[in-house]
Amino acid sequence: MTQHTLNTRRLLCPLPVIRTQDKVKSLQPGDVLEVVGTDPGIMQDIPAWCRINGHKVLDSHSADHEYVIVLEVGA
Amino acid sequence: MTQQRKAVALISGGLDSMLAAKTVMEQGIHVEGINFFTGFCVEGHTHAIRDKDRAKPKRNNALWVAEQLGIKLHIVDVIEEYKKVLINPKHGYGAHLNPCLDCKIFMVNRAKQWLAENQFDFIITGEVIGQRPMSQRKNTMPIIAKQSGADDLLLRPLCAKNLPETLPEREGWIDRDKLHDITGRSRKPQMAMAAQFGIDDYSQPAGGCCFLVDKNYTAKLVDLWQAQGSKDYELDDVMLLKVGRHIRPAAHFKLIVAREEGEGRFLQGYKKEYTSLLATSHNGPLVLLDGEASAEDLFLAAQITARFGQGREAEHVDVAITDKDGLERVVTVTPIPKAQFPKEWYI
């Protein structure tokens, strides 16, 4: 299991979702990806994308106009 | 044992593509969705930017539809490829800069590529004959199938009975009798079908889901093309056209004026690419300057910046002008009087 970070600051949805989708393709099941962005839409779009694609959201939080989703790559 | 057939459905996030996918899923076909991001898709960008809307961010309808259907969704970035569709559409534009027919041909063609790469069997769209004046007409249906290269791999479940048989029907993967014969602009048949499927929440965006059908947005895009002397754009251009007031006092430069704090924060992210202006003696919006401006132009830009702040009635307003390298200087100006600010400057 490895930890990764993806910067999607300034990008507006669905681009953070697309970047997340592309990044996850290069990861292994069990890897953890932290996605950081400035579009509040990621707080619902990335969890929705995770639900339909079999990944697990481990954490989500926001502070100072930044939004963070931590996900675990599914099988 | 029969082979599990697989279809990829173009999912826009609206009701028709949802019903088309559902109709085919009901016949035991494995369906996955595909959604193309052109840069012009209406996906709540202004909600993401403006403070007053941030508390109620819009959902991504394509993701939402996929989740309701219980299918995977593949979102594909086609921003670069889409330029040639928008800049030079073979079939022309609709009422504004919407190249709907070329757009549909492009998307079906991309879906066909995806089909081959992922060993799927056929393509589904939610098209309905007569639903849209440019791209969904009886005579455009075969054009889309032929020019996309999809030919009889393209199934339109909502109006299939009004069209020639497709491969999945001929091969018996799909029972044609269970497909539909909807025509025209009425939404009643789709609403009835939605009720049958127990679908009671769906998006029906007026005028579609594309900024290229928006009069105000496309006026700004035309202005951009005129100003740069060519029909080209980058993603940042497309995004910035959605933000702020756009004011062009001269052919060689324009100003983008934040309308509220959220927009100002968004424009802050572009300070390394554009000259920016901000009143320092009074509260006021961040302004970006796009183009090449002389000292005289910068002075006028500062006067306009002052006009949009709380110092609009003041005799003097200090305005900081910061270039792309971060070098700042402050000028003192009188806000431009209303009488000297023609309405034609607004794009």
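What covers the buried residues of helix 6 of chain B? The views below start there. This is a predicted model, where local features need pLDDT of at least 70, side-chain atom pairs count only at pLDDT 80 or more, and totals for chains, interfaces and linings use all residues. Residues are numbered from 1 along each chain as its sequence is written, while chains are lettered from A and ligands numbered from 1 in the order in which they are written.

**View 1. Helix 6 of chain B and its cover.** The cover includes strands 1, 2, 4 and 5 plus helices 5 and 7 of chain B. (Helices, H or I with at least four residues, and strands, E with at least two, are DSSP runs numbered from the N terminus.) Among the buried residues of helix 6 are Cys100(B), Phe106(B) and Lys112(B); buried means that 20 or more other C-beta atoms, placed from the backbone, lie within 10 Å of a residue's own.

**View 2. An open sheet in chain B.** Six strands line up in the order 6-7-9-8-10-11, with antiparallel pairing (a pair needs at least two DSSP bridges). Strands 6 and 11 stand at the edges with a single partner strand each, so one side of each has no neighbour in the sheet.

**View 3. Strands 10 and 11 of chain B.** Six bridges join these antiparallel strands. Look for Ile321(B), whose bridge partner in strand 11 is Arg329(B).

**View 4. Where chains A and B touch.** Here 18 residues of chain A are in contact with 20 residues of chain B, contact meaning C-beta atoms, placed from the backbone, within 7 Å. Helix 2 gives the most to chain A's side, with seven residues.

Conventions
Contact = placed C-beta atoms within 7 Å. Buried ≥ 20, exposed ≤ 12 C-beta atoms within 10 Å, placed from the backbone.
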